[in-house]
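This report describes the surface, fold, core and local backbone features of one protein model. The sequence and the structure are shown below.

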Amino acid sequence: MIKIYYWNFPFWRAEILRAGLYLQDIEFENVHEKEKIQELRDQKRVPFGALPVMEIDGKILSQTQAMATYVGKLGTMYPPNSDILAQANCDEIINGCTDVTSTISATMYGKTPSDQVEEARKNLIKEDGRMTLHLNGLNSIVCQDGGKFACGKDYGLTVADLAVWRLMGWLTGNIIDHIPSDIISSYPRLKSIYENVEANEKIVAYKEEFWTKK
């Protein structure tokens, strides 16, 4: 049995796992209750102190890249071993999403003085800003065959697509102060991935089942 421990919030690090399992018809338990998460922490079973983590037949797996690869390899959402370059590209994309997240996280309230957050985030999205650099980089390494799938049409929807989908959903969802919701329009490949995943019928069903639960 697989359990995913994360709060009831559709952040990409968790959605890459939950949606990835759902799309492949793999049963899992969505553990989002604060008490159960705290119990896991009390048991010293959150190796790096950060969520999400997965529990697989009693064993804990952490780190976004490792968990995403595991989920993808359970089915068909990770390039096959016959194409290790495509596998590396999939990992590269997920790590690029992590870079964007880390850049934003450095400006969160509490890490940056509240009266400096607006300026810090505006600096991130300037033409030479750090987040602009990362998003341009991410945009350049996806859909390299000109199609709408992150790792190419040969492999279809992968965990890399899910990572980009929810990363862009986070950035454009009016959740992060001083980041314009239309920022995605500057990155056409990332926008294409986002729209393609959003239109997926199973993703629509997934959102209906998981995002509307209290």
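## Surface and charge

The protein exposes about 10800 Å², and carbon and sulfur atoms supply 49% of that area; accessible areas come from the Shrake-Rupley method with a 1.4 Å probe, and for residues only the protein chains shown count as cover. The model is predicted: local features need pLDDT of at least 70 and side-chain atom pairs count only at pLDDT 80 or more, while totals for chains, interfaces and linings use all residues. Residues are numbered from 1 along each chain as its sequence is written, and side-chain values use heavy atoms, with hydrogens and water left out.

The protein carries 24 positive and 29 negative charges, whose mean positions are 3 Å apart. Lys and Arg count as positive and Asp and Glu as negative, with His and the chain ends not counted; each charge is placed at NZ of Lys, CZ of Arg, CG of Asp or CD of Glu.

## Overall fold

Nine helices and four strands make up the secondary structure of the protein, in the order β-α-β-α-β-β-α-α-α-α-α-α-α along the sequence. Helices (H or I, at least four residues) and strands (E, at least two) are DSSP runs numbered from the N terminus.

The radius of gyration is 17 Å, which agrees with the value near 17 Å for a compact globule of 214 residues; it is taken over C-alpha atoms, and the globule rule is 2.2 Å times the number of residues to the power 0.38. Along the principal axes, the C-alpha atoms fill a box of roughly 45 × 40 × 30 Å. Of the contacts with a separation of 6 or more, 68% are between residues 24 or more positions apart, where contact means heavy atoms within 4.5 Å.

## Burial and the nonpolar core

Of the 214 residues, 49% count as buried. Buried means under 20% relative accessible area, exposed over 50%, and partly exposed in between (1.4 Å probe, protein chains only). In soluble globular proteins, nonpolar side chains tend to be buried together.

The largest nonpolar core has 65 residues, of which Ile93, Met131, Leu135, Val159, Leu162 and Leu171 touch the most other members. Helix α7 (residues 159-172) gives this core its largest share, 10 residues. Such a core is a set of buried Ala, Val, Leu, Ile, Met, Phe, Trp, Tyr and Cys residues joined through side-chain atoms within 4.5 Å. Leaving out residues up to four places away in sequence, Leu162 touches Glu15, Ile16, Ala19, Gly20, Leu23, Met77, Val197 and Ile203.

## Enclosed helices

Helix α1 is mostly covered, with 12 of its 12 residues buried. Among them are Trp12, Arg13, Glu15 and Arg18. Asp25, which follows α1, has a positive phi near 60°.

Helix α3 (residues 64-73) is largely enclosed by the rest of the structure, because seven of its 10 residues are buried. These residues are Thr64, Gln65, Met67, Ala68, Thr69, Val71 and Gly72. They pack against α1 (12-23), β3 (53-56), β4 (59-61), α4 (84-105) and α7.

## Selected buried residues

Ile2 belongs to strand β1 (residues 2-5) and counts as buried because its relative accessibility is 8%. Beyond its neighbours within four places in sequence, Ile2 has contacts that include Leu21, Ile26, Phe28, Met54, Ile56, Tyr70 and Leu74. The C-alpha atoms of Ile2 and Ala86, 84 residues apart along the chain, are separated by 26 Å.

His134 is part of helix α6 (residues 130-141) and is buried, at 15% relative accessibility. Apart from residues up to four places away in sequence, His134 touches Asp99, Val100 and Thr103.

## Backbone features in loops

Leu51 and Pro52 are joined by a cis peptide bond with omega of about 5°. Pro52 lies in the loop between α2 (34-42) and β3.

Cys143, in the loop between α6 and α7, has a positive phi of about 50° although it is not a glycine. Cys143 is buried, with a relative accessibility of 2%. His178, in the loop between α7 and α8 (188-198), is another residue other than glycine with a positive phi, near 70°. The relative accessible area of His178 is 32%, so His178 is partly exposed.
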